[in-house]
Amino acid sequence: MTSAFQTALTARTDTMVDACTTCGKCFEACPIKEPAGVAGADPRTTVTGILDIVRTGDGPELSRKWASACILSGECIKACDYGVNPRFLLNMARVAMARAKNEPAERRRIGVEDFRKVSRDVTNLSRMQLTDDILERLGQLPTSRAAGDDPDDIPDVVFYTGCNVLKTPHIALLALDIMDALGTTYHVMGGPSHCCGIVQLRPGDIDTSGRFSENTMDKLARSKSGHVLAWCPSCLVQFNEVTLPTVEATRGAKPFDMTPFFLFLREKLDRLRPMLARRVEMRIALHRHPGVPGVMEAAMAILTAVPGIELVDLHQPAVGLMSNYLRALPSYKRDLQRNELEAARDAGVDALVTVYHADHRELCAHERDWPFQVLNALEIVGASMGLHHDDQYKRLKKTQDVDAIVAECSDLVTQHGLDPAKARAAVQAMLDDQPLRLVGHAVRAGV
C-alpha cells in the first residue's frame with residue numbers, strides 16, 4: 001500500500017513537472033555541465049528529458065548524466081522564473097531512476113545497508129573520542145533529555161546536528177558553547193536515531209524515507225519553540241525541499257522552519273561581536289560551497305568580525321552543497337581540492353577554513369603535508385571567545401594508521417562496550433574518506 005507521504009510527494013512532484021516550461025535556463029546556469037560531460041547538450045531537450053525521467057524512470061542519456069552529476073549547487077533555483085525548484089526535480093529524477101533499476105525489496109536492502117553503515121561509523125567514531133558526559137550533552141545517550149520531556153521547559157531553539165557532524169564532535173560542541181555564551185537555550189537532537197531519511201530516499205525507498213523523516217520531524221517539533229537550527233546542509237535540504245513541504249500537504253501546516261546554524265549566528269552578530277575579545281592573528285582562506293543561500297556570506301561576515309583575522313580570496317571555484325556531493329565526479333573533485341591546497345600555499349595563508357563537517361573530514365589530514373592548518377570556522381570564533389575543543393578526528397586521521405588509532409582509543413572502546421571489529425571498520429572508513437590522497441602517501445606509492 002502506498003503511504004500518504006509517497007502519495008503527497010508524488011502529487012507535489014507532478015505539480016512541479018506541470019509548472020516547468022522546459023525553457024532550459026536551469027541547465028544553462030548549472031556549474032557542473034562541463035565536468036559532467038553534458039556541456040554540449042541542448043538545454044530544452046535535456047530538461048524535457050529530466051521530466052520524462054521523473055514521470056517514467058527513463059529518459060535520454062544526457063539527461064540521466066546531468067541528474068546523476070547534480071551537486072546541489074542551487075544555481076538552477078536562482079535561474080528559474082516560474083517558481084519551479086529544478087534541484088528538487090533533479091532529486092526526484094534520481095529517485096525515479098533508482099526505483100526503475102531495482103525492485104522494492106532491493107531498494108529496501110540498499111537503504112538498510114547504507115543506514116547501518118552510517119550508524120556504525122557515527123556511533124563508533126563519536127564514542128572513540130568522547131566520554132559519557134560529552135555524549136549526553138550532544139544528545140547521544142539513552143539518558144539524554146529529549147525536547148518536550150518537560151512541557152514547561154521550552155527552549156529558544158532545537159539544535160539538530162544531523163548524523164555525521166558527530167564524527168567531528170568538536171565542531172558541534174563549539175556551536176553549543178557559542179549558544180551558551182549568547183544566552184540561547186536549546187535542546188540537542190540528532191544522530192542515527194534522528195535520521196532525516198536521505199539515506200533511504202537515494203535508493204528509491206520513499207515509504208521508509210518518509211517514515212524516518214516524519215518520525216524525526218515529530219521529535220524535533222516536540223519542543224514547540226518553532227525554531228530548528230540545522231548544522232548539516234544535506235539534512236537541511238532534505239527537510240526543507242522534501243519532507244516539510246510534503247508533510248504540509250498532508251497535514252495542512254509545517255510544524256517548524258529549519259534554519260542553517262550560520263544564518264542564525266549571523267543574525268546574532270551584534271550580540272556576538274563584543275564577545276570576540278581575543279585577537280586571532282591569522283591570514284585565512286574560506287573553503288566555500290554555496291548550495292545553501294547566504295551561509296558562505298554569513299561565515300565570511302562572522303570570521304571577519306574576529307579581530308586580527310585577514311580573509312584571503314584564493315579565487316577558486318565554489319560549487320555544490322558540500323565536498324561529498326561531488327562524489328559522482330571524483331576526478332573533478334580531486335582537481336578542485338588540489339588546486340585549492342596549492343592556492344592556499346601560494347597565498348601564504350595560516351589556515352584553510354571549512355564551514356561544513358564533510359569538508360573538514362576530507363581536508364583536515366592534508367594539514368600534515370602543507371604549510372598551513374585546516375580549521376573549522378567555529379574554531380576561529382571559539383579562539384576569539386576563549387572557547388576550545390580538541391580536534392581529535394584530525395589528530396587521529398593524520399596518523400593514517402588503523403592499528404595505532406584503535407590502540408589509542410582502546411580505553412573508550414572498552415568503556416562504551418564497542419564491538420572491536422565495528423570500531424576498526426569505522427576507523428578504516430575514516431581513513432578511506434580521503435578523495436585526494438595525502439602528499440606523503442602519494443610519494444610513498446611512487447605516484
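Is H315 buried or exposed? With a relative accessible area of 66%, H315 is exposed, where exposed means over 50% relative accessible area, buried under 20%, and partly exposed in between (1.4 Å probe, protein chains only).

## Basis of the model

This is a predicted model, in which local features need pLDDT of at least 70 and side-chain atom pairs count only at pLDDT 80 or more, while totals for chains, interfaces and linings use all residues. Residues are numbered from 1 along each chain as its sequence is written, and side-chain values use heavy atoms, with hydrogens and water left out.

## Overall form

The protein has 24 helices and eight strands, both taken as DSSP runs numbered from the N terminus (helices H or I, at least four residues; strands E, at least two). For 447 residues, a compact globule would have a radius of gyration near 22 Å, and the 22 Å found for the protein agrees with this; the radius is taken over C-alpha atoms, and the globule rule is 2.2 Å times the number of residues to the power 0.38. Along the principal axes, the C-alpha atoms fill a box of roughly 55 × 55 × 50 Å.

Of the 447 residues, 55% count as buried. Among contacts (heavy atoms within 4.5 Å) with a separation of 6 or more, 79% come from residues 24 or more positions apart. The protein exposes about 18500 Å², of which carbon and sulfur atoms supply 50%, as computed by the Shrake-Rupley method with a 1.4 Å probe.

## The parallel sheet

Four strands form an open sheet in the order β6-β5-β7-β8, with parallel pairing, where two strands pair if DSSP finds at least two bridges between them. Strands β6 (309–311) and β8 stand at the edges with a single partner strand each, so one side of each is left without a neighbour in the sheet. From one strand to the next, the twist averages 35°, with axes fitted as lines to C-alpha atoms (for helices over the stretch in contact) and angles running from 0 to 180 degrees between N-to-C directions.

Strand β5 (residues 282–286) pairs with β7 over three bridges, and here I284 stands opposite A351 in β7. Strand β7 (residues 351–354) in turn pairs with β8 (residues 373–376) over four bridges, with T354 opposite N376 in β8. Between β7 and β8 the chain passes through helix α18 (residues 357–363) in a right-handed β-α-β crossover, which is to say that, with the strands pointing away from the viewer, the path from the first strand over the helix to the second runs clockwise.

## Helices across the sheet

Helix α16 (residues 295–304) lies across β5, β6 and β7 and runs at about 175° to β5. Helix α19 (residues 377–385) lies across β5, β6, β7 and β8, running at about 80° to β8.

## Individual residues

H315 belongs to the loop between β6 and α17 (330–347), and its phi is near 55°, a positive value in a residue other than glycine. T22, in the loop between α1 (4–19) and α2 (25–29), also has a phi near 55°, but T22 is buried, with a relative accessible area of 14%. Most residues other than glycine have a negative phi.

R108 lies in helix α8 (residues 104–127) and counts as partly exposed at 37% relative accessibility. Leaving aside neighbours within four places in sequence, R108 is in contact with D205, T208 and R211.
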